[in-house]
Amino acid sequence: MNDRRAQDLTQFYELLTQLERKLDGARRLSKCKGKMGWPQRGVYFFREAGECRTETGDGPRIVRVGTHALKAGGKTTLWNRLSQHRGNANGDGGNHRGSIFRLITGTALVERDGLARSSWGIGNNAPREVKLGERPLEQKVSAVIGAMPFLWLAVDDEPGPNSLRGHIERNAIALLSNYGRQPIDPPSTEWLGRYSDRERVRQSGLWNSNHVDDDYDPAFLCALQQQIDKMGQAQYGQ
């Protein structure tokens, strides 16, 4: 199974290379704006400085996969979700209570750097004075996530349990995850996620918790190929 997974990882990264060509390169989230021709819906794949593939090829490894609006009736767009992860456009922090990616990144920074975190992650909202106290950490989170290059795949399907976006997200995470498995392309010794308080993040090597212990269906790679083929050359993110 590990040999098959290594082969499938090689194919997965080859497909992302095709996607990157279609996009005319990866983008950094800190440099992105809403008026860049984003598709309404899609799947995104984040990289991180210093995180490289070591067994299935050369180049950067994926550290987070995500999508949005999977519940029936969901209205969140791809850019809405990406902007929640990025934080405020002016670089003045963000809202970790609206982005699990920001939440877990901040918690890892707290652990690694010995920062105060008395209110971090508590509640779905917080008074203004609490948010002001959290701003320095929010700014650090924005700097970390904003520096990450990412790719995105346009998949304009309707929200719901049968979403193709959800199928691609779920299987990509399961394929990439090292949780409970012999590691392939493990994170570097300096990876920030190693300081996460979430075992699933630490062991999977991903900034994901859901689906890291799922089995993947290799057939999802065909669906990924088909969606990449549908995208126009350098159509988005300009």
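This note covers the sheet, the nonpolar core and the cavity of a predicted model.

1. **Basis.** Residues are numbered from 1 along each chain as its sequence is written, and side-chain values use heavy atoms, with hydrogens and water left out. The model is predicted: local features need pLDDT of at least 70, side-chain atom pairs count only at pLDDT 80 or more, and totals for chains, interfaces and linings use all residues.

2. Four strands form an open antiparallel sheet in the order 1-4-2-3. Strands here are DSSP E runs of at least two residues, and helices are H or I runs of at least four, numbered from the N terminus. Two strands pair if DSSP finds at least two bridges between them. Strand 1 (27–28) and strand 3 (64–66) are the edges, each pairing on one side only.

3. **Pairings.** Strand 2 joins strand 4 through five bridges, with Phe 45 opposite Leu 151. Three bridges link strand 2 to strand 3; there, Tyr 44 faces Gly 66. Strands 1 and 4 share two bridges, and Arg 27 stands opposite Phe 150.

4. **Core.** The largest nonpolar core has 58 residues. Such a core is a set of buried Ala, Val, Leu, Ile, Met, Phe, Trp, Tyr and Cys residues joined through side-chain atoms within 4.5 Å. Phe 12, Phe 45 and Trp 207 have the most contacts inside this core. Elements giving two or more residues include strand 2 (42–46), strand 4 (149–154) and helix 4 (128–146). Helix 1 gives the most, with seven residues.

5. **Trp 207.** Leaving aside neighbours within four places in sequence, its contacts (heavy atoms within 4.5 Å) include Phe 101, Ile 104, Trp 191 and Arg 64.

6. **Cavity.** The whole-structure search finds one cavity of 30 Å³ or more. A cavity is a set of points on a 1 Å grid over the protein atoms alone where a 1.4 Å probe fits but cannot get out; lining residues have an atom within 4 Å of a point. The largest cavity has a volume of about 70 Å³, taken as the space filled by probe spheres set on the points. Among its lining residues are Leu 9, Tyr 13, Arg 61 and Asp 185. By class, the lining has six nonpolar, three polar and two charged residues.

How values were computed. Buried < 20%, exposed > 50% of the residue type's maximum accessible area, 1.4 Å probe, protein only. 1 Å grid on protein atoms, 1.4 Å probe; cavity = no way out; pocket = protein on both sides within 12 Å on 5 of 7 lines; lining within 4 Å. Nonpolar A, V, L, I, M, F, W, Y, C, P; charged D, E, K, R; others polar.
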